[in-house]
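Please find below my notes on the chain you sent. They are set out as numbered points.

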Amino acid sequence: MQMMVCENCRKVYDYDKDEFCTRCGAYNQPGKAGAPVVRVDGVNERTHSGSFAHKEVHKEKAVRRFTGMDRPHPSKPAASSRQNSKPIKWIFWIVAVAVLYYVVLPILALLFGMM
């Protein structure tokens, strides 16, 4: 019984029963030691760091992100979503102060002025 950890989805499965991952179907070589392989669009980051294919993959990925065709990695929030939230916060606070000044304060003045 040789237990394997899938490099793609991190599922633990028995290599003797199934040679491919039971969750995602990826093939993982048995007896392979070392850090997990990091792939970007199918290119191994460690072994192809100076190659032409590596540079082209990252250029294409940058163009796709710039044009909005590719979403950034889920663990990193998009910069545009952080920038867009600031004007919304300011608008919310301006509306809240206006409602307080023009609605709530006159009602309180009437209620406490009559007592």
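**Notes on the predicted model**

1. The largest nonpolar core has 6 residues, namely Met-4, Cys-6, Tyr-13, Tyr-15, Cys-21 and Ala-26. The coordinates come from a predicted model, and the points below should be read with that in mind.

2. One member of this core, Cys-21, can be followed through its contacts. Leaving aside residues up to four places away in sequence, Cys-21 touches Cys-6, Tyr-13 and Ala-26, and also Cys-9, Lys-11 and Asn-28. Cys-6, Tyr-13 and Ala-26 are themselves listed in the core.

3. On the overall fold, the chain contains 4 strands and 2 helices. Their order along the sequence is β-β-β-β-α-α. Of the contacts with a separation of 6 or more, 11% are between residues 24 or more positions apart.

4. On burial, the chain has 115 residues, and 13% of them count as buried. Its accessible surface is about 9,800 Å², with 64% of that belonging to carbon and sulfur atoms.

5. Arg-10 deserves a look at its backbone. This residue is not glycine, yet its phi is positive, near 70°. Arg-10 lies in the loop that runs between strand S1 (3–5) and strand S2 (12–14). Its relative accessible area is 46%, so Arg-10 is classed as partly exposed.

6. Helix H1 covers residues 52–67, which makes 16 residues. From first C-alpha to last, H1 reaches 23 Å, close to the 22 Å expected at 1.5 Å a residue.

7. Which residues of H1 are buried? They are His-54, Val-57 and Lys-61. These residues lie on the same side of H1 because they cover an arc of only 65° around the axis.

8. Just after H1 comes Gly-68, with a positive phi of about 85°. Arg-10, discussed above, also has a positive phi, but is a residue other than glycine.

9. Aromatic pairs number 3 in the structure. One of them joins Tyr-101 and Tyr-102 in an edge-to-face arrangement, with 4.9 Å centre to centre and 85° between the planes. Are these two tyrosines, Tyr-101 and Tyr-102, buried or exposed? Both Tyr-101 and Tyr-102 are exposed.

Definitions and conventions
Residues numbered from 1 in each chain as written. Predicted model: local features only at pLDDT ≥ 70, side-chain atom pairs only at ≥ 80, totals over all residues. Heavy atoms only, no water. Buried < 20%, exposed > 50% of the residue type's maximum accessible area, 1.4 Å probe, protein only. Contact = heavy atoms within 4.5 Å. Areas by Shrake-Rupley, 256 points an atom, 1.4 Å probe, with all protein chains shown as cover. Expected span 1.5 Å × (residues − 1). Arc of directions from axis to C-beta. Core = buried A, V, L, I, M, F, W, Y, C linked by side-chain atoms within 4.5 Å. Phe/Tyr/Trp six-rings, centres within 6.5 Å; stacked < 30°, edge-to-face > 60°.
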